[in-house]
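Subject: Handing over a structure

Hello,

Please have a look at it first, and then read on.

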Amino acid sequence: MILATLRGGGADGTLVVVSRDRRRLVVPPRGPRTMQQALDEWPSWERALEDTYGELDDQRYGLPADRAVFDAPLPRAYHWAEGSCYLRHMERIRGGRGEALPDDHRDQPIVYQSGSATNMAPRDDIALPDPGWELDLEATVVVISGGVPVGADEHEAAARIRLVGLTNDLTYRKLLVAERRRGTGVYGSKPGRAYAPFVVSPSALGAAWNGTNLSATTRCEVNGALLGAPRTDRDIAFEFPRILAHLVRSRPLVPGSIVGTGTVSNADPAAGYACIAEKRAVELARDGAPATPFLDAGDTVTIEAVGDDGTSLFGRIRQTVVAT
């Protein structure tokens, strides 16, 4: 199935089911009113939501999706964690800052928790209070889980993946460096995340889901120019079941937990980059100085995940940076 959330109807928006071609949608005639309710009561409502999804194969059914005003699939979420699964990204970024990674970074995921109390819609503006904070985009694949109990293994964790999506995990790079050097958690450096409008069940992704991770191209543009198009299924060290099992070693995940891969990154520089800092790190190593600027007021960012058949799997994130 494909689900989304419309703006309006309360702080958590209104749940809709989206057609296979992503062109039509409908409020489910029976069942949950919000995405979080659907996740909380998944065993009760999964079949009804799947039935509505199937009914949308009739092209006479539903309303045009291109007229909808989408919110984030979960406008507010109980939990966010990230697994930093693409080690090339970590190695380039930290290498550019002269920072070492932990000795076991190839064996143990580097995870962190951050805020998710307010999530941004796919077309929300990005606030930039100070250009010196070095605003960056980060294209990140996410899953939304059901409840995952403490001690669940990878097989059990994989079975609790309900939906898959895409986010722009925004970062103020200058603030991030300061937080890391002070030994504090990631807080002020993360102004929020914008989400692509659609979240898709693993079964509905078909060949784009390999059982443990997304198989797609992540296309990232700044002001209409291609920053990169790295593959999500290349050079990934830790796939979702491993990350989820790692997260629940000592505490559970509640339904509606969002877990990200970290910035998608490929070893081949021809793939380009899914964040500016990584490109700057390569420029620094190659040329002695970075040339690509961070985001500034008036810039536009576009991110989407494209399947091998050309489908925009989750719809498009398109944002404009606004001075505040």
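Below is what was found, grouped by region.

A word on the basis: this is a predicted model, where local features need pLDDT of at least 70 and side-chain atom pairs count only at pLDDT 80 or more, while totals for chains, interfaces and linings use all residues. Residues are numbered from 1 along each chain as its sequence is written, and side-chain values use heavy atoms, leaving out hydrogens and water.

**Aromatic rings**

There are 3 aromatic pairs in the structure. Rings of Phe, Tyr and Trp (its six-membered ring) pair if their centres lie within 6.5 Å; planes under 30 degrees apart are stacked, over 60 edge-to-face, and the rest tilted. Phe70 and Phe198 are edge-to-face, because their planes stand at 85°, with the ring centres 5.5 Å apart. This pair links distant parts of the chain, 128 residues apart: Phe70 is in the loop between β4 (63-64) and β5 (80-82), and Phe198 in the loop between β12 (193-195) and β13 (199-200). Helices (H or I, at least four residues) and strands (E, at least two) are DSSP runs, numbered from the N terminus. Phe70 is buried at 12% relative accessibility, and Phe198 is buried at 7%. Here buried means under 20% relative accessible area, exposed over 50%, and partly exposed in between (1.4 Å probe, protein chains only).

Trp209 and Phe240 make a stacked pair, 6.3 Å from centre to centre with 25° between the planes. Trp209 sits in the loop between α6 (202-205) and β14 (217-222) and Phe240 in helix α7 (residues 240-247), so the pair ties together parts 31 residues apart in sequence. Both Trp209 and Phe240 are buried.

Helix α7 is mostly covered, with 7 of its 8 residues buried. The cover over these buried residues includes β5, β9, α4 (154-159), β10 and β16 (258-263); contact means heavy atoms within 4.5 Å.

The largest nonpolar core has 91 residues, of which Leu3, Leu137, Leu205, Leu214 and Phe314 touch the most other members. Such a core is a set of buried Ala, Val, Leu, Ile, Met, Phe, Trp, Tyr and Cys residues joined through side-chain atoms within 4.5 Å. Strand β9 (residues 139-145) gives the largest share of this core, 5 residues. Leaving aside neighbours within four places in sequence, Phe314 is in contact with residues including Phe198, Leu205 and Leu214.

**A buried aspartate**

Asp136 lies in strand β8 (residues 135-136) and is buried, at 0% relative accessible area. Its side chain makes a polar contact with the side chain of Arg173, at 2.9 Å. A polar contact is a pair of N or O atoms within 3.5 Å; within protein, one must be able to donate a hydrogen and the other to accept it, and residues adjacent in sequence count only if both atoms are side-chain atoms. The backbone nitrogen of Ala277 also lies 2.9 Å from a polar atom of the Asp136 side chain.

**Two backbone details**

Arg22, in the loop between β2 and β3, has a positive phi of about 65° although it is not a glycine. Asn223, in the loop between β14 and β15 (225-228), has a positive phi near 55°. Arg22 is buried at 15% relative accessible area, whereas Asn223 is partly exposed at 45%.

Best wishes
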